[in-house]
Structures are given as structure tokens and as C-alpha cells.
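Me: I would like a close look at a single part of this model. Please go step by step and keep it plain.

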Amino acid sequence: MSKFYITTPIYYTNGDPHIGSAYPTIACDVLARYHRLKGDDVWFLTGADEHGAKMAETAEKAGKSPQEFCDETAAKYMECWDELNISNNDFIRTTSQRHKVAVRKLLQQLKDAGAIYEGQYEGFYCQGCESFVTEKDLVDGKCPDHGVEPKLISEKNYFFNLKKYLPEVKKMIDADEIKILPINKKKEVLGLFKQEINDFSVSRQNLKWGIPLPWDESQVTYVWVEALMNYVTALGYGTDDEKKLEQFWPADVHVVGKEIIKFHCIFWPAMLLAAGLPMPKAIYAHGLFTIDGVKMGKSRGNVIDPFNLIKEFGTDATRYILLSQFPFGQDGDIKASQFVIQYNSDLANGVGNFSSRVTAMAEKYFTGVVPARDTELKNEVEAIWVEYEKALEGFQVDGAIEAIKKLQSLGDGYVEKNKPWELAKTDEARLKEVIYNLLELLRHLGVALWPVMPETAEKILAALGQNNFTSQNFSLLKVWGLLEPESKVSKNEALFPRIQ
RNA sequence: CGCGGGGUAGAGCAGUCUGGCAGCUCGCCUGGCUCAUAACCAGGAGGUCAUUGGUUCGAAUCCAAUCCCCGCAACCA
């Protein structure tokens with residue numbers, strides 16, 4: 001049995017959960033469930049990144065203490081994942097005691113290894129914001145929020161000696177010791193090495209909302225530095241019990257958005273290298289949404305709330321709709337107006353209707369008793385399984401959805417070709433074979449569906465009398481002919497009622 | 001000349017590496033069917049493949065230039 005450790009990005013929770021975070025979380029859930037089905041020992045981590053100036057500022061605007069605010073948003077995230085039926089094994093919060101303790105251990109480790117040195121950070125500081133601002137944020141050289149010119153100031157900071165580790169990191173990426181996927185993202189990362197990459201600061205002086213450095217309590221750890229560390233702190237790094245760390249680290253895949261690949265593909269490996277920890281095996285960068293052609297953002301008022309989607313379509317359909325908009329590794333544009341159309345065509349008319357028609361025929365013609373075995377569709381179904389597995393092994397969640405669609409349309413085509421309603425009048429023996437093939441195909445569809453739409457899969461399989469299927473191994477489940485003749489099946493209720 | 005990705009039917013995408021009838025899904029139109037959730041199946045209409053120039057018997061694909069969109073570009077994560 002092999003292990004599979006998968007992580008979502010750790011979300012910066014200074015606002016409510018939105019589909020930008022729901023999307024990769026669902027994708028990771030599909031991969032986690034697939035590996036569990038295969039019998040792998042899976043650890044699936046997600047979490048909340050809760051420190052930093054921006055968080056403190058957002059909390060203040062909301063009239064709350066940072067901790068209070070974080071507690072509330074983290075709860076919303078957890079609720080959202082719960083409603084989306086996300087099967088994460090852990091949810092790490094960077095304000096949790098376990099994270100803070102482990103971060104300080106890891107930072108000390110980096111310091112002891114000589115990877116951290118003291119230096120001066122120079123930047124534009126806005127009095128109004130009480131934080132550094134970037135030049136690109138300035139309008140006419142002034143802070144857009146406060147209308148004042150920020151002062152160039154300098155403060156003591158600790159820096160990570162990134163340059164020392166860059167050649168080794170590059171080598172590992174080149175050699176696919178850290179696989180960067182999809183393949184074009186590897187090119188992009190290697191391209192970054194051609195530009196000058198400077199050491200980065202790991203601390204902040206005038207900020208309270210963060211984790212104090214172990215060797216200098218006047219400085220707070222720079223937020224994304226400790227955020228990246230969540231992938232090991234959640235496994236118990238630096239505690240008395242590092243069993244999980246030994247069992248699951250290195251990660252099999254960090255799934256990240258393409259906007260943060262530099263942090264994950266360069267900075268994080270460098271830190272791991274300095275700390276003497278093994279490298280993640282793969283980093284998969286997924287694409288970003290635009291909505292009706294424009295970037296999603298609160299100020300644009302086009303943010304799609306996952307809770308609303310769940311309310312409108314249900315958990316499984318929301319999972320499906322988000323994943324099926326565009327290929328996982330690419331950017332894509334989505335339109336909320338397409339969601340209903342897609343729900344109706346793929347789910348109501350597709351999977352749902354197919355399940356109804358097949359189980360209804362079994363009831364009508366054979367009073368719900370599975371007729372004699374047949375193997376007419378065996379080869380075609382096996383070929384689709386090969387495609388399905390190949391896609392998921394390569395983290396191509398959308399490929400699995402394609403395979404599911406193929407199974408279903410193979411079924412609908414088979415019904416049309418064989419016209420069971422005519423066979424019922426003319427050829428009982430042939431009818432038995434046809435219905436068996438359809439029921440068995442539906443069983444395969446149910447299994448294939450499980451990682452993507454677990455509740456639906458369970459309903460389909462329960463109607464076929466397959467109740468404890470998740471306890472069985474996938475290698476067995478995908479074999480043709482598991483459905484026993486003489487066993488009892490029942491008609492499925494409408495899995496996805498049509499939306500008008 | 002900062003780095004990288006992208007621009008293909010009304011919509012969302014594949015095809016570009018390795019040049020050879022421009023494909024998929026949805027939507028639309030027509031026909032068929034009645035087991036099923038007004039579902040299903042078959043057929044059809046719809047594209048100067050961002051623009052311009054070049055290479056070639058032949059270019060969405062290769063080369064050059066231009067325009068537009070997205071991510072990164074030392075501290076927003």
C-alpha cells in the first residue's frame with residue numbers, strides 16, 4: 001500500500017470563501033478520494049493562513065480583534081468545505097498553537113543551518129496604512145487610500161539566504177526531482193531562474209499580528225514564509241510525535257494556483273533544503289477563473305459565493321459544475337448563466353436520466369431482478385477505465401469527467417441501438433443480456449463518479465444493491481461483471497431534478 | 001526589448017511539439033424514438049483559426065512583426 005499526501009494552497013482567509021478557493025479544494029478532494037478508492041493511505045490537508053498586516057487591517061475595519069475575525073472566517077471555510085463534502089483529514093490554522101510552535105522550531109532550524117542573516121529592509125512606508133506599500137500600488141506617487149506620499153524608510157529584518165540554494169533547487173526542478181506540472185509551468189519556473197532572484201525577508205519589525213521570531217521577539221515572521229510551512233507543521237513537525245511527518249512527508253503533490261508558483265517552486269524547496277527536509281514530489285499549478293471575461297474580485301462585484309451554488313444546485317452538482325468548466329491546468333472563463341444549462345445537460349439529462357431509464361427498465365421488464373450475465377460492453381468499458389486512471393494519476397481531474405461522460409453516452413447509445421422496448425415484445429433472451437449490460441455499465445458509472453460526486457455515486461450503487469463498495473478495492477470494482485444475476489435492484493429516484 | 005501563458009463557430013474548449021479535408025461539449029434547426037427527469041438517438045446550420053508579412057506543393061500548426069487578455073516582475077498572499 002502506498003501513501004498519498006495532497007495539499008491545497010493554504011487560503012488567506014481575510015474574506016468569505018469563494019469559488020476561487022472552492023475550485024482547487026474540490027479538485028484535491030477528487031484526487032484524495034480516488035487514491036483512497038485505490039487503497040492508498042491518504043492524507044489530505046487544507047487550511048487557513050491568518051496572519052499579516054492585511055488580516056489585521058481587515059479585522060480592524062470589521063471592528064473586531066484579528067483573532068476574533070480569523071475565528072469567524074475559518075469557521076466559514078470549514079463550513080463551506082463541510083457542505084461541499086470535502087474529505088480533508090486535517091485543517092491547519094496558522095494561528096493555532098501547534099502551527100506557531102512548529103514554525104518557531106523550523107525557523108530556528110533554518111537559523112542554525114546558517115540560512116538566515118540580519119539585514120536592512122528598505123521600502124515605502126505609508127503612515128496611514130501602517131505598512132509598506134509597493135510602488136505599483138501608488139497613484140501619482142501617493143497612497144491611494146490615504147492620499148499621502150509614503151516615506152522611504154529602512155528597518156532591521158532577517159533575510160533568508162536564498163541565493164545559496166538556488167542552483168540546487170534549479171537542478172532538482174530540471175531533473176524532475178520536483179515535478180512541476182502541467183509541463184508548461186515547469187518552463188515558466190525555469191524561466192524565473194534567468195531573472196535575478198534576491199534573498200527574501202523572513203520578518204517584519206513593526207507588525208504585531210504574526211509569529212515572533214524565536215531569537216528576536218521584536219520581529220514577527222513574514223506571513224507567507226510561515227504560511228508555506230503549514231505543509232509540515234500540520235504533520236507534527238518539531239513535536240514529540242513526528243509519526244505523521246515520517247509517514248506522509250514529502251507531499252506527493254502540492255496543488256497551487258498559478259499566481260503562487262514562485263513561492264512553492266522556488267522559495268519553499270529552498271527552505272526545505274536548508275532545513276534538511278525532503279522535497280515535495282510534485283507541484284501542480286491549476287488555472288485561474290475569469291468571470292464573463294473579467295477577473296474575479298470583490299471590488300468588481302462578480303464574486304461567486306459557493307454557498308449560493310450549493311443552495312441552488314446541491315453539493316454534488318456544485319462540485320461537478322466547478323470542475324467541468326475548463327481543463328484543470330489552464331485558465332478559463334466561466335459564466336454563471338451557463339451553470340443551469342450545464343446542470344441540465346450533463347447531470348439531469350445525462351447521468352441522472354441514464355440512471356433512471358436503466359433502473360426503470362430493470363423493474364419494468366424483470367421486476368428488479370438482475371438477469372443473466374453478459375460481456376458485450378466489457379472491452380469498451382475497460383478502455384474507458386484506462387483513460388480515467390491515466391487522467392487521475394496525472395492529476396487531470398477534468399480527464400476523469402470526460403471518461404465519466406463517455407461511460408454515460410456509451411450507455412445511452414447502447415439503449416438506442418438495442419431498443420429494449422422492442423426486445424420486450426420479440427426476444428426475451430436478448431433483452432436479458434441488454435439489461436444486464438446496462439445495469440453493469442451503470443455500476444461502473446457509479447464507481448467512476450464516486451471521487452467527483454460521492455453522494456450521487458452512493459445513491460446509484462445503493463440502488464444496484466452495492467452498499468459497502470468503498471470498502472472494496474478499486475482494482476476489484478472496475479472488473480466487468482461484478483453485478484450478480486438474481487440480485488435485486490430498485491428504481492432510482494431523480495438524482496438531479498431538472499431546473500427550469 | 002523583463003519572464004511565462006493565452007487569443008480557433010453564439011458560449012466554453014481541443015488540435016499547434018511532429019505542417020496534410022478545422023474537431024469536441026453546450027446552445028440553435030430538422031428528423032427519429034417512447035425505456036427514461038419534455039429526457040434519449042441521428043443529421044444539419046454556424047469559423048478569413050487575433051492582425052500583417054514570410055517559408056512551403058500545402059500553414060491554426062513553422063518563422064518575423066504587431067495588437068489584445070492573464071499570472072509573475074522583492075515583500076498582497
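Where is the place of G39?

Reply: This is a predicted model: local features need pLDDT of at least 70, side-chain atom pairs count only at pLDDT 80 or more, and totals for chains, interfaces and linings use all residues. Residues are numbered from 1 along each chain as its sequence is written, chains are lettered from A and ligands numbered from 1 in the order in which they are written, and side-chain values use heavy atoms, with hydrogens and water left out.

G39 sits in the loop between α1 (19-37) and β2 (41-49). Helices (H or I, at least four residues) and strands (E, at least two) are DSSP runs, numbered from the N terminus. The relative accessible area of G39 is 25%, so this residue is partly exposed. The cut-offs are under 20% for buried, over 50% for exposed and partly exposed in between (1.4 Å probe, protein chains only). Beyond its neighbours within four places in sequence, G39 is in contact (heavy atoms within 4.5 Å) with M1 and N473. K419 is 380 residues from G39 in sequence and 39 Å away in space, C-alpha to C-alpha.

The structure holds 26 aromatic pairs. One joins Y34 and F474: their ring centres are 5.9 Å apart and their planes are at 80 degrees, so the pair is edge-to-face. Rings of Phe, Tyr and Trp (its six-membered ring) pair if their centres lie within 6.5 Å; planes under 30 degrees apart are stacked, over 60 edge-to-face, and the rest tilted. Y34 belongs to helix α1 and F474 to helix α19 (residues 474-477), so the pair ties together parts 440 residues apart in sequence. Both Y34 and F474 are buried.

Y284 is in strand β12 (residues 282-286), while F395 is in the loop between α14 (378-393) and α15, 111 residues apart. Y284 and F395 are buried.

Back to R33. Its charged end sits over the ring of W450, 5.2 Å from the centre. For that, NZ of Lys or CZ of Arg must be within 6 Å of the ring centre and within 35 degrees of the ring normal. R204 does likewise with the ring of Y222, at 4.3 Å from its centre. Y222 also belongs to one aromatic cluster, with F160, Y165, F200, W224, F263 and F267.
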